[in-house]
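How does a chain fold so that its parts meet? Take a look at the model below, then follow the tour.

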Amino acid sequence: MTEILTARPEWHALTAHYQQIKELHLRQLFAADPKRGERLALEVQGLYCDYSKHRITDETLALLIRLAEACGLPQRIEAMFRGDQINLTEGRSVLHVALRAPRESSLTVDGVDVIAEVQTVLDKMAVFATRVRSGAWTGHTGKPIRNVVNLGIGGSDLGPAMAYEALRHYSKRELTFRFVSNIDATDFVEATCDLDPAETLFIVASKTFTTLETMTNAQCARRWLLAAMHDEASVAKHFVAVSTNATEVARFGIDPQNMFGFWDWVGGRYSLTSAIGLSLMLAIGAERFGELLAGCHGMDEHFRRAPLPRNMPVIMGLLNVWYGNFFGTETVAVLPYDQYLRRFPAYLQQLVMESNGKRTTLQGLPVTYQTGPIVWGEPGTSGQHSFYQLLHQGTKLVPCDFIGLVSPLNPLGEHHKLLMANLLAQAEALAFGKTADEVATEGIPSYLVPHRTFDGNRPSTVLLANRLTPAVLGQLIALYEHSVLVASVIWEINAFDQWGVELGKVLAKQIAAELASSAEPQHDSSTNALIRRYRNGGRP
């Protein structure tokens, strides 16, 4: 049986070390090491990671690396890239890295070259995207497609929607893209209210073609189209599927030739670089989509081959362990200083929290320590006038990831210089703060000094790239994906299942039937009362 994490000598060494340095201030660390800001940094293919503003020493890093080695991190990394079934609870390989591997490479799993299969789907996507973008693909009435609506949920929505917003600068502006995920009718109505059905293409993204929310919206879209077209044959010209269920796809009215497949070794939150990214390829074109894949692959290779002490995803994953398990932090703020990345924190919420929000070890034992953090954030500088007060002077310690770009995609006056000045200033202020003596020397009245003092010692990472390109977005996606794996290996949990989403779905099906029934509901007193109130139109 695997040794329990908290019983490992490496864990005990970190516990003792934490007691020694927990009060050490970043001011002291930087004063003692003038080169710290340059030394505690990594660069991978132009993506620069400054992790010097963390409450760590060289010994901290060495102890964390020893813990990672003791937990078998190098072996687990290699097992993933090799195609082993590291998703133990579902008996599956975890091969999102194969989705962005170069065409000339190969990886055989269960007798199948999965990379060859991936390239076949990518080629099919590229042909379709070229036809739509050029106007060669037309709707039922002969009009070219001008609107694309992606119907999905979870990773089938968050990934494409985030990436489209992030890479909108590179998109074909003559095309309108909308993303519908919520089963709330408002989502669909607002996404389609100004669209012409004759010019609209729907992408139904559901592996099984049975996902409740997605298929409810797909049937709604089908009715919306037929109300205008009055011809069942029109469905085949206005719908395509990202799925593996050819029977249900055909029953819906979609030509199976217009079905883009993927595999059970692609988890939803890791699926953007599969056919789930079809809407993104339609927006930015096959070549740019290939650049995204190349960016992911570059980080994949770094993760696989770089030594642990100089491995960017490893460092970031271990820092999450350090703060969550020793400082007791519960959240991580992701703060992109680029408006195009405004949906990136929401994307990471699913990636991190669905992956590592687990309370059972791989051996089926209850965990006795904290696992996945709560991830949240907004783009700067808007967030500065919202929640940064808590970051600077609140009672909670919140590690922060700042993401910035050296060169803007939209140069306009002094905007970008001011934006980046704010990013750098916020990271500095969080780290070093402002002492009471410094405040007092400014002539501040003594009764205000405590209110104007900043403790500092608040940790942050700064990720910096030259410009937001498809490749850079790919690097960021893969960086966080792999950091999630690192933390999960330490915590001895499965980052690739999501059983926690099932119970609510099962109960919802039962309650949906009861909401339309007059029979006495069979739940707890609270749920029963709420069901009766709903049936009575909101009255008791």
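We go from the cores to the rings, then to one helix and one loop.

This is a predicted model, in which local features need pLDDT of at least 70 and side-chain atom pairs count only at pLDDT 80 or more, while totals for chains, interfaces and linings use all residues. Residues are numbered from 1 along each chain as its sequence is written, and side-chain values use heavy atoms, leaving out hydrogens and water.

Start inside. A residue is buried when its relative accessible area is under 20%, exposed when it is over 50%, and partly exposed in between (1.4 Å probe, protein chains only). A nonpolar core is a set of buried Ala, Val, Leu, Ile, Met, Phe, Trp, Tyr and Cys residues joined through side-chain atoms within 4.5 Å. The largest such core has 128 residues. Leu 282, Trp 322 and Phe 344 have the most contacts inside it. Helix α19 gives this core its largest share, 14 residues. Helices (H or I, at least four residues) and strands (E, at least two) are DSSP runs, numbered from the N terminus. A second core stands separate, with 23 residues, including Ala 191 and Phe 252.

Now look at Trp 322. Contact means heavy atoms within 4.5 Å. Leaving aside residues up to four places away in sequence, Trp 322 touches a set of residues, among them Leu 14, Tyr 18, Arg 55 and Phe 327.

Next, the rings. Rings of Phe, Tyr and Trp (its six-membered ring) pair if their centres lie within 6.5 Å; planes under 30 degrees apart are stacked, over 60 edge-to-face, and the rest tilted. The structure holds 26 aromatic pairs. One of them joins Tyr 18 and Phe 327 edge-to-face, at 4.9 Å centre to centre and 80 degrees between the planes. This pair links distant parts of the chain: Tyr 18 is in helix α1, Phe 327 is in helix α13, and they are 309 residues apart. Tyr 18 counts as buried because its relative accessibility is 14%. Phe 327 counts as buried too, at 16%.

Phe 344 and Tyr 480 also pair edge-to-face, at 5.7 Å centre to centre and 75 degrees between the planes. Phe 344 belongs to helix α14 and Tyr 480 to helix α19, 136 residues apart. Phe 344 is buried, with a relative accessible area of 0%. Tyr 480 is buried at 5%. Ring pairs also build a cluster, which includes Trp 11, Tyr 18, Trp 322 and Phe 327.

Which residues of helix α8 are buried? They are Phe 188, Ala 191 and Thr 192. Seen down the axis of α8, its buried residues fall within an arc of 85 degrees, so they line one face of the helix. That arc is taken from the directions from the helix axis to the C-beta atoms. Their cover includes β6, β7 and α9.

Finish at Pro 459. Where is Pro 459 placed? Pro 459 sits in the loop between α18 and β13. Pro 459 is buried, with a relative accessible area of 0%. Not counting residues up to four places away in sequence, Pro 459 touches residues including Lys 53, His 54, Tyr 323 and Cys 400.
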